[in-house]
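Please look over this model with me. My notes are below, point by point.

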Amino acid sequence: MTGVVFWGLVLLATLTGLLTAWTLGANSNSPPFAPAIGANAISTMRAAFLIGILAALGALTQGGSISETVGAGLVNGVTVTSVAATAGLLTATAFMAFGVYTGYPVPAAFATTGAMIGVGLSLGGTPAFDTYRRIATFWALVPPVSGGLAYLTATALRRDDIPETVSVPLLAALVGGIVANMRLAVLPAPPGETQGSIAGFASGVTGLPPVFGVDVGGVAATLLVAAAAFRFVRRRTQASVDRGVRTFLVLLGSVVAFSSGGSQVGLATGPLEDLYGTELGLPGAALLAVGAVGILGGAWMGAPRLLQATSREYAQLGVRRSIAALVPGFVIAQAAIALGIPISFNNIILSGVIGGGLAGGSAGVSRRKIGVTLGFWITTLVTSVALGFGVYRLLSLAVGP
């Protein structure tokens, strides 16, 4: 391969990655704020602005967790070339762009995973069945877990014997405790790791010895952050319950949007890891920056349309049921990042929206829309495999493998 052809492929692959990240910003990073918009806690345009900033920051500081799985873990025995990465990203982007312009939230993880499996098989690799089982199990558990937890949380928030000046701050404490254990690239990390957490940093600074195998310093930091979150939200709800609840809803959407950027950027950058890291010798931060820029642009330019669709058409939620939809979404998102599982935020958040909506009766939930969406998700996964296989064959015939 001549130098001109190589650099042309590098440019094409990078532009394709940017386009994929753009569609992610417009598509998969939008749902975290949909409940807040549905509850009239924030405007659509302001939510789109915050999604762009927060998701881009998440991509830079928590990104890359899914990259290894997407880039090298879906098919055994092959290396993803620049042509293969371009083929996979083009296929996934086509599905997500369709979702943006039709108003149907296409699951980016389904489209990208299917496309990269198809590309890998077209390269001559063998299926990684263990990885498929792990991913499929997680995906199958998301709707009942997210929807079920949202239903239970929404039901608890509606109870008259539990004042909202207690229940909502307790949820804030739960979120704060998870935030204290989020792994971020900007925090000092233990030897051999690239990301640290607030709890881990506190453990290292205090130097407290473990007690019965429990990291005392990390637990103390987690409790302190949880207590601070509880106190902040409790003071807001005591001053005005309605204003305090809406404030928590917006903050909750913010941390979920941040998490979405951290996980979703790997869907755009994972296929390019070998190209950037091995062939170009660039640090991982450079590739994450490419994905972050694409996500930022997509959120600002393409998110409002999907925000309207997900916030209005699936369920008419109040503020409290909206909180119930986001809390399990945040928990599941962080679990997926820790396990390296490519996930669809559409799947997580919409399951929570539906579960929270059912807590107040099924009248606000569009069953037809839900059924069409589920069918479209399955179709996306199956057809993306076939299209990824075919698109790579066509590109390799045109420019070489």
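1. Basis. This is a predicted model, where local features need pLDDT of at least 70 and side-chain atom pairs count only at pLDDT 80 or more, while totals for chains, interfaces and linings use all residues. Residues are numbered from 1 along each chain as its sequence is written, and side-chain values use heavy atoms, with hydrogens and water left out.

2. Salt bridges. Side chains of opposite charge can pair when their charged atoms come close. The rule here is a side-chain nitrogen of Lys or Arg within 4 Å of a carboxyl oxygen of Asp or Glu. Arg133 pairs with Asp130 at 2.2 Å, N to O. These two lie three residues apart in helix α7, so about one helical turn separates them. Helices are DSSP runs (H or I, at least four residues), numbered from the N terminus. Arg133 and Asp130 are both exposed; that means over 50% relative accessible area, with buried under 20% and partly exposed in between (1.4 Å probe, protein chains only).

3. The other two bridges. Asp161 and Arg159 bring their closest N and O atoms to 2.7 Å. Asp161 is exposed at 52%, whereas Arg159 is partly exposed at 43%. Asp242 and Arg246 form a bridge at 3.2 Å. They are four residues apart in helix α11 (residues 241–269), so the separation is about one helical turn. Asp242 is partly exposed at 41%, and Arg246 is partly exposed at 25%.

4. Surface patch. Leu141, Val145, Leu149, Tyr151, Leu152 and Leu358 form a nonpolar patch with about 520 Å² of accessible area together. Members need over 30% relative accessible area and no salt bridge, and nonpolar side chains (Val, Leu, Ile, Met, Phe, Trp, Tyr) are joined within 5 Å. Areas come from the Shrake-Rupley method with a 1.4 Å probe; for residues, only the protein chains shown count as cover. Helix α7 (residues 129–157) gives the most, five residues. Tyr151 sits in α7 and is partly exposed at 39%.

5. Which residue is 9.2 Å from Ala34 in space, C-alpha to C-alpha? Leu350, 316 residues away in sequence. Ala34 is in helix α2 (residues 34–38) and is buried at 3% relative accessibility. Pro107 lies in the loop between α5 (82–102) and α6 (108–122). Pro107 is buried at 0%. Its C-alpha is 10.0 Å from that of Leu374, 267 residues apart along the chain.

6. Helix pair. Helix α8 (residues 164–180) and helix α10 (residues 216–239) pack at about 145°, with axes 7 Å apart. Axes are lines fitted to C-alpha atoms, for helices over the stretch in contact, and angles run from 0 to 180 degrees between N-to-C directions.

Technical notes. Patches are made of residues with over 30% relative accessible area and no salt bridge: like charges are joined within 9 Å, nonpolar side chains (Val, Leu, Ile, Met, Phe, Trp, Tyr) within 5 Å.
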